[in-house]
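Biologist: Please bring up the model. I want to ask what stands behind each label.

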Amino acid sequence: MARFYRPSSPARLGIAAALLLTPQVAPAIDRLTLRIERIETPAAVLKDATLKVSIDPKTTAPRGSLSIGSTPVGPIALNLALRDAGSQGFIFAGDDFEFAGGEVGFSGSLIGRRWTFAITANAISSEALLQLSKPFVDVPEGFYAQGRLDTLLQLAGRTDAQLPENANLEFRGSELGFSNAAGDFAAEGIGLDARLGLSADATGKIKIAGYIKSEQGEALFDTAYLKLASHPTRIGFEGELEPNGLNIGLLEIKQEGMISATASARVAQPGKLLDTPLDLRKLKIESAAFTLNELRFPAVYTTYLQTALAGSSLDALESSGRIAGTLLIRDNNPVAGDLRLDDLSLRDSKGLFFFDRLRGQVSWVPEDQEPLEPSALMWDAGGIYEVRGGTSSLRLVLRGMSASLLEPVRLPVFDGAINVQELRVTDAGSPNMQVQFTGEIEPISMSEISQAFGWPELGGFVTGRIPRVEFKDNTLIFGGDLEAEMFDGLVRGSDIKLSDPLGRWPRLSADLTIENLDLETLTSTLEFGAITGRIDGKVDNLELFAWAPVSFDAWLRTPDDDNSRKRISVDAINSIANVGGSAGSGVASALQMGALRFFSRYSYRQLAIRCVLEDDVCRLSGAPIADNRYYLLEGAGVPRVDIIGNSGRIQWSELLRQVAWQIETGGTFSVQ
Amino acid sequence: MKNLLKLKLTAASLMIASCITINVYFPAGAAEKAADQIIDSVIQGGGDRGNTQTPPTTPPPATTPPIGLIDSFVTPHVNHLAGLLLDALIPSAHAQTEMNLDVSSPEIRAITASMQTRFGQLERFFDSGVVGLTADGLIDIRDIGSAALPDRALVKRLVAEDNADRNALYDAIARKNERPEWAPDIRRIFAQRWVERGAKPGWYFKDLNGNWKQR
């Protein structure tokens, strides 16, 4: 029984085979039969091998046959032809034989101390190849391959060396596929052209070079889905094998219409290379430096990012533009980068936010370093929801997992701006992430804001202070009150919390105080009707879910100390009566009859409206009179008009719909 | 019956001692009904049904009653009075007899509508066994390999999105009923009802040990 020692590469098997055929065995013998009961190789166990060699008496060239009774692919039998290559050696070739569903032929030579060995395999099953590669590559359980491959293996070396000097492995195939057991690392219909070359130099260093090309089929890598026909892919590489890793001097990645990049990298694998089966899952990128010539959007986003971001607010972006630059990776994680953004536009298709033509330089360095220059970004337009901002730019320092604004920045919003004095993010992405933000609002026209949100057009300006904002437990917490001066008064938000701000279901809670608004400014542009005087109010326990109000307790009323002239138009009376549940033209027509028709405005003592929203129902009330009756409007003087409500329950969504309808058409509406 | 018995016991013990502890139990029966209601609208809703965004197509009638709402404020009043009376007699047991599970909040409706829209895409993956229901009220990928390759990334996305909605739904129901501690029970009830009511024959679900079973 012959037993080969476990070779550390397929190449050694080649040498062993070549040595067997060395004619120096016994020149005087004209017939040789060698029977081997069992051959153990890392790839397979072979049984009942018989090698017969005889010398053709006429040509004196050796001929022979090889049969192996049991191999992983069934019995093999083939004829061998050996040709004398002069005094220095032999050339040999085997007949083609069936192997793994395809046809295999081999040839070789031994001239002096130099040998060559080549195997061509046409249309062999990729599943069989996968099985054969198991000793060298750790194939995960349940992993399978399909399709047929044409392969070529060429080896060349010297008889006195342990390893071959050159190895060349080529694969070509179409309609190839593979899948892991889970089915999320898979490909179908792949056309493949790949080459791997290895060569050893005098010092024993092994250089590798090769490429993988594919222009057809589709592949899924976890959350990345790639159509190769849309993005023909070529990956080229050159490098050096090291005892426990791979040093890649040049990696070129090109995916047409999507990615063009080069890189150098050091990849480590646990255990000694060639001795331990390669486990792709355990490879670690110790270090890599990528030069991104181009990352093109939307292809990069739709192929590699979109599914990974599912369930977040970034999962439905329309994107365009390019990113280029460099990226450094240490121990599998990006640690630094220098990226150039080229007209990158991002727009959430659900309307959450947008950036138009974002451009500039992002310089990101590790925590312990200083960037050579800060990051500088500018954009043509950007916004969150309907709050639109114009051209702006900012400078940032990005270091490790923190970012801070280098200098205050002015973000134009409509005809005003938000001035950000401080913005600092630390431990980004971790549960301890903290955001600090302070800013001020430069006057923004309410008319612009109301137009953007589709509200009735409101007069006046918003101005105010944005207090310290912190981010903790996936919740933005406003450390102080948010104040906005509008309509000559003040609106203050306190206890503002926004949970899950980037998730699918953001929830905002706050209390609002409304102080001394000027009703004339507020109503001057509304179809609602004109009112003069002042108004105070409160919105307690305001809660917005996915930006729609779900509950609050809101009060609006004339301040006790309001000494201003309080007048209300017929239109406004009609509108308030409508909200209060009365409807149609009844009120207006009643006020246009008899002596009342000479009055277009009436004095009032107080306005009072309270709406407690819960479960899509607004419980409406005002200033209590008695029992269940209340004033919405308490008139004054002569003639006096009061609007008195009874216990009122209004469907909130219905009310919003009706108000919107009224604004659009200028008509009246009823709420029941 | 059980509740009534507790009520009587509580009333009786009130006469003996003035200090008692009241446990509020999770209303499993009510939760099942609530879950069925939501599951039905997710499955049967589809399309434009249940869409609350539609603006009114016709303007409201021009002739309407005079100032003042026509609203029945008598009934709540009577209820309130009855409540007060009950409160006075058996104050603490009151909550227990009325325990219900309310699933009518705008949050719950918004999430349900979102799940309803997605169900149109997910249904065929339930039918083909690509995804299944889990014992904690979520969904999971069972056999992504049986989906066509281009669909696999879609399945991952739908499952992640649907689970985000499902988690938000259970929290919203617990929050609506001011019982955040009920969220796990609500989740469990939904898991059961999805299997018993929502799942078609042939759909897969995970049992309590995490093994896939077929309905």
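Modeller: Start with strand 17 of chain A and strand 18 (residues 317–330) of chain A, which run antiparallel and are joined by nine bridges. This is a predicted model: local features need pLDDT of at least 70, side-chain atom pairs count only at pLDDT 80 or more, and totals for chains, interfaces and linings use all residues. Residues are numbered from 1 along each chain as its sequence is written, while chains are lettered from A and ligands numbered from 1 in the order in which they are written.

Biologist: How do you know that strand 17 of chain A and strand 18 of chain A pair?

Modeller: Two strands pair if DSSP finds at least two bridges between them. Here there are nine bridges, so the pair qualifies.

Biologist: Which sense of pairing links strand 16 of chain A and strand 17 of chain A?

Modeller: Antiparallel, over 10 bridges. A:Ser264 has A:Ala289 in strand 17 of chain A as its bridge partner. A:Ile259 stands opposite A:Leu295.

Biologist: How many bridges hold strand 15 (residues 245–255) of chain A to strand 16 (residues 259–268) of chain A?

Modeller: Nine, again in the antiparallel sense. A:Lys254 stands opposite A:Ser260. Three residues lie between the strands of this hairpin, and A:Gly257 takes a positive phi near 75° there.

Biologist: Which residue other than glycine has a positive phi?

Modeller: A:Phe487, with phi near 50°. A:Phe487 sits in the loop between strand 31 (482–486) and strand 32 (489–499) of chain A.

Biologist: What is the omega of the peptide bond from A:Phe297 to A:Pro298?

Modeller: Near 10°, and the bond is cis. A:Pro298 lies in the loop between strand 17 and helix 3 (299–305) of chain A.

Biologist: Where do the domains of chain A run?

Modeller: The domain assignment, which is automatic or from a database, gives domain 1 (1–163), domain 2 (408–562) and domain 3 (566–672). In domain 2 of chain A, 20 residues are in contact (C-beta atoms, placed from the backbone, within 7 Å) with 19 residues of domain 3 of chain A. Strand 35 (residues 548–557) of chain A gives the most to the domain 2 side, with eight residues. That side divides into 10 nonpolar, six polar and four charged residues. Asp, Glu, Lys and Arg count as charged, Ala, Val, Leu, Ile, Met, Phe, Trp, Tyr, Cys and Pro as nonpolar, and the others, Gly among them, as polar.

Biologist: Now chain B. What angle do helix 6 (residues 149–176) and helix 7 (residues 183–198) of chain B make?

Modeller: About 125°, with their axes 9 Å apart. That makes helix 6 of chain B oblique to helix 7 of chain B. Under 35 degrees is roughly parallel, over 145 roughly antiparallel, 65 to 115 roughly perpendicular, and the rest oblique. The contact is made by residues including B:Tyr170 and B:Ile173 of helix 6 of chain B and B:Ile186 and B:Phe190 of helix 7 of chain B. Its residues divide into six nonpolar, no polar and two charged.

Biologist: At what angle do helix 5 (residues 106–127) and helix 6 of chain B cross?

Modeller: Roughly 150°, and the axes come within 10 Å. That makes helix 5 of chain B roughly antiparallel to helix 6 of chain B. The residues of this contact divide into 11 nonpolar, two polar and six charged.

Biologist: What is the strand order in the open sheet of chain B?

Modeller: The four strands run 2-1-3-4, with mixed pairing. Strand 2 (139–141) and strand 4 (212–214) of chain B each have a single partner strand, so one side of each is left without a neighbour in the sheet. The twist averages 40° from one strand to the next. Strand 1 (residues 131–133) and strand 2 of chain B run antiparallel, joined by three bridges. B:Gly132 has B:Asp140 as its bridge partner in strand 2 of chain B.

Technical notes:
Helices (H or I, at least four residues) and strands (E, at least two) are DSSP runs, numbered from the N terminus. Axes are lines fitted to C-alpha atoms, for helices over the stretch in contact, and angles run from 0 to 180 degrees between N-to-C directions. Two residues are in contact if their C-beta atoms, placed from the backbone, lie within 7 Å.
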